[in-house]
Structure formats: structure tokens, C-alpha cells
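Visitor: I'd like to walk through this one piece by piece. Can you take my questions as they come?

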Amino acid sequence: MQLTEVGLDAEPVLLRLMSVAFPDRPSQFWQDGFARMSAHGPSRHIAWLLGDPENPDGVMLALPNPVTGVPSTQATTQINLSSWYVSEDKRGQALWMLRKIASRKNTIFTDLTPTESVVRMLPALGFKPVSAGLVRLFVPQVARRNHSNWQILNDSATIEHTTDPVLAGALRDHRQLGCMVAGLCWQGRCFPVVLARRWRRGLIPTAEIIYLPVAPADMPDLRDAIPALAAHLLRSGVLFLELEQALQTERALTIPHRLVNPNARYARGPYLQGGINHLYSEFVFFKL
């Protein structure tokens with residue numbers, strides 16, 4: 001059994017495999033995603049191939065995210081696993097493939113859109129849920145709630161206030177990739193938030209929070225800033241805001257919301273507990 005880590009130089013092979021693995025998605029869908037990676041993402045290593053790299057039997061995208069949100073002594077990078085496929089005659093190697101890839105030390109692994117069959121495998125490999133489903137809020141309704149204690153910075157001011165060069169670079173990348181970047185400020189202390197834009201039903205402007213750090217213990221939870229953020233989004237024409245429902249009871253949303261996807265997202269390793277970190281994921285590159 002052979003595994004080979006590849007980058008965008010293997011795009012022709014990846015496109016051929018993806019067309020077989022996901023026949024409902026046109027080739028242009030994958031080409032557009034790889035083009036976004038080439039412009040603003042990790043291009044050195046983005047996938048693993050199972051078997052002969054010239055004629056592989058399987059593939060898994062492994063998208064690196066340099067922003068971990070945890071001390072470097074715990075993890076130096078985060079890798080999001082996505083779009084896993086193994087040919088039917090090699091299915092016996094599937095679990096070995098996942099186990100081998102997820103064994104890398106000092107790394108956080110996430111799986112944000114696992115299929116039902118993959119979900120059954122994840123606990124045996126140390127993956128745990130990091131969310132309690134996706135909820136949706138009606139922005140005009142939430143924006144009417146009191147938010148006088150919070151201020152919102154625009155994208156340029158947020159990036160300027162970000163002292164961590166790795167995080168600042170990620171914010172610039174995601175702005176270029178079409179995401180919304182803002183700063184949540186409380187008593188002069190500001191924290192960045194990143195939102196992926198979507199058009200629900202092809203018509204309704206929606207944004208999902210894909211990056212939300214954890215505030216220090218002497219501050220309110222950053223989810224308390226959602227009404228202020230909603231007012232900011234309303235001025236940008238966004239009608240619905242989506243975000244993960246936190247597993248922790250004390251961080252669970254109490255403002256009006258609706259559960260729109262009950263499926264959990266998963267991580268292995270010291271993932272940013274209480275926060276959200278899906279930068280450089282399929283939500284960004286493939287607009288899922």
C-alpha cells in the first residue's frame with residue numbers, strides 16, 4: 001500500500017479522480033477551487049493519493065491551515081480533510097489510508113463535511129465533534145437587539161489591528177477569496193471574524209462564520225457581539241447569518257435561531273475549543 005502527498009502540480013490527476021468520485025459535480029467546480037488555492041492558498045501539498053500516483057486508486061484532499069489558535073507546543077498546523085474517495089476494489093485500504101494520514105504529529109485534523117460512513121470511522125481514530133450543528137439567524141431581527149457594548153471594525157482596520165503576521169496574512173487571503181472580514185471590539189480589545197459568503201437558493205445573501213477566536217477569560221464570549229455584527233452585515237445586504245452551535249452550554253446561542261443542519265463537524269487534536277476555525281477549507285475554496 002502506497003500513499004503519496006501531492007500539490008497542485010498533480011491537478012490533472014486530481015481532476016480525473018474527482019470526476020469519477022463525484023460525478024454530480026462538473027469539472028469546472030474543481031478547477032475553480034484549485035485556481036483559488038493557486039492564487040491565495042496552500043499549493044505545495046494539498047492532497048494524498050492512494051496507490052500508483054500516476055494511476056491512483058484513491059484520493060483525499062488535505063488542506064493546510066497555518067492558523068491553529070493554539071500554542072505551537074500543541075500544534076504547528078491544522079489540516080482539513082475533505083473529498084475522500086477510494087475505488088470500490090480498494091475499499092479495504094480506506095481505513096488504513098485515513099489512519100495513516102491522520103497520524104502526523106503536532107497537527108490538528110478537521111473533517112467538516114464527512115459522509116455518514118466516514119462519521120462511523122472517525123471516533124476510532126480520535127476525532128471528536130466540535131459543534132452541535134449549524135444554526136441560522138435572521139439578520140434584521142438580530143440587529144435590533146441591544147449591542148451598544150460592542151463595536152465592529154471593517155476589514156482594513158481589522159487587518160491593521162492584527163499583530164500576528166500569520167493570522168493577518170490569512171485575513172488578507174480570505175478577503176481576496178471573497179470572504180467578509182470584520183473586527184469584534186469590546187472596551188478597546190478587538191478580535192477578527194471571517195465569514196464565507198453564500199447565496200442560499202441562489203437568491204438569498206447569507207454569510208457563515210468560519211473563523212471566530214476565543215476571547216480571554218476576563219471578557220464576554222465573542223458570540224455576545226452577534227447583534228452588533230448583524231447590524232454591520234445588514235448594511236452590507238446580508239439577510240441570514242449562519243454559525244455553528246457550540247457544544248459548551250455556556251456558549252450556546254440564546255438569541256432567536258433555527259437549526260438548519262444537525263450534522264456535527266469533527267476534529268482530532270487540540271482544536272480551538274469554544275471557537276471556530278475553518279480557514280482555508282472547502283467552505284472557502286469550493287464555496288460549499
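**Helix, disulfide, sheet, loop**

Guide: Start with α7, where the buried residues are Leu 167, Ala 168, Gly 169, Ala 170, Leu 171 and His 174. Buried means under 20% relative accessible area, exposed over 50%, and partly exposed in between (1.4 Å probe, protein chains only). Helices (H or I, at least four residues) and strands (E, at least two) are DSSP runs, numbered from the N terminus.

Visitor: Before we go on, what kind of model is this, and how are residues numbered?

Guide: This is a predicted model: local features need pLDDT of at least 70, side-chain atom pairs count only at pLDDT 80 or more, and totals for chains, interfaces and linings use all residues. Residues are numbered from 1 along each chain as its sequence is written, and side-chain values use heavy atoms, with hydrogens and water left out.

Visitor: Back to α7. What do its buried residues pack against?

Guide: They pack against α6 (155–161), β9 (180–186), β10 (189–200), β11 (204–212) and α9 (282–285). Contact here means heavy atoms within 4.5 Å.

Visitor: And how far does α7 reach from its first C-alpha to its last?

Guide: It reaches 17 Å, with twelve residues, 165–176. That is close to the expected 16 Å at 1.5 Å a residue. The expected span is 1.5 Å times one less than the number of residues.

Visitor: What happens at the start of α7, and what follows the helix?

Guide: At the start, a side-chain oxygen of Asp 164 comes to within 2.9 Å of the backbone nitrogen of Val 166. After α7 comes Gly 178, with a positive phi near 95°.

Visitor: Switching to cysteines. How many disulfides does a search of the whole structure find?

Guide: One. A disulfide is a pair of cysteine sulfur atoms within 2.5 Å. Cys 185 and Cys 190 form it, with sulfurs 2.1 Å apart. The link is right-handed, at 115° about the S-S bond.

Visitor: Is Cys 185 buried or exposed? What about Cys 190?

Guide: Cys 185 is buried, at 5% relative accessibility. Cys 190 is partly exposed, at 28%.

Visitor: Now the open sheet. What's the strand order?

Guide: Seven strands run β1-β2-β3-β4-β5-β14-β6, with mixed pairing. Two strands pair if DSSP finds at least two bridges between them.

Visitor: Which strands stand at the edges?

Guide: β1 (3–6) and β6 (128–129). Each has a single partner strand, so one side of each has no neighbour in the sheet.

Visitor: How does β3 pair?

Guide: Antiparallel with β2 (47–50), over four bridges. Ala 47 stands opposite Leu 61 of β3. β3 is also antiparallel with β4 (77–86), over seven bridges. There Pro 64 has Ile 79 in β4 as its bridge partner. Seven of the eight residues of β3 (58–65) are buried.

Visitor: Last one: where is Arg 265?

Guide: In the loop between β13 (258–261) and β14 (266–268). Arg 265 is buried, at 9% relative accessible area. Its side chain makes a 2.9 Å polar contact with that of Glu 244. A polar contact is a pair of N or O atoms within 3.5 Å; within protein, one must be able to donate a hydrogen and the other to accept it, and residues adjacent in sequence count only if both atoms are side-chain atoms.
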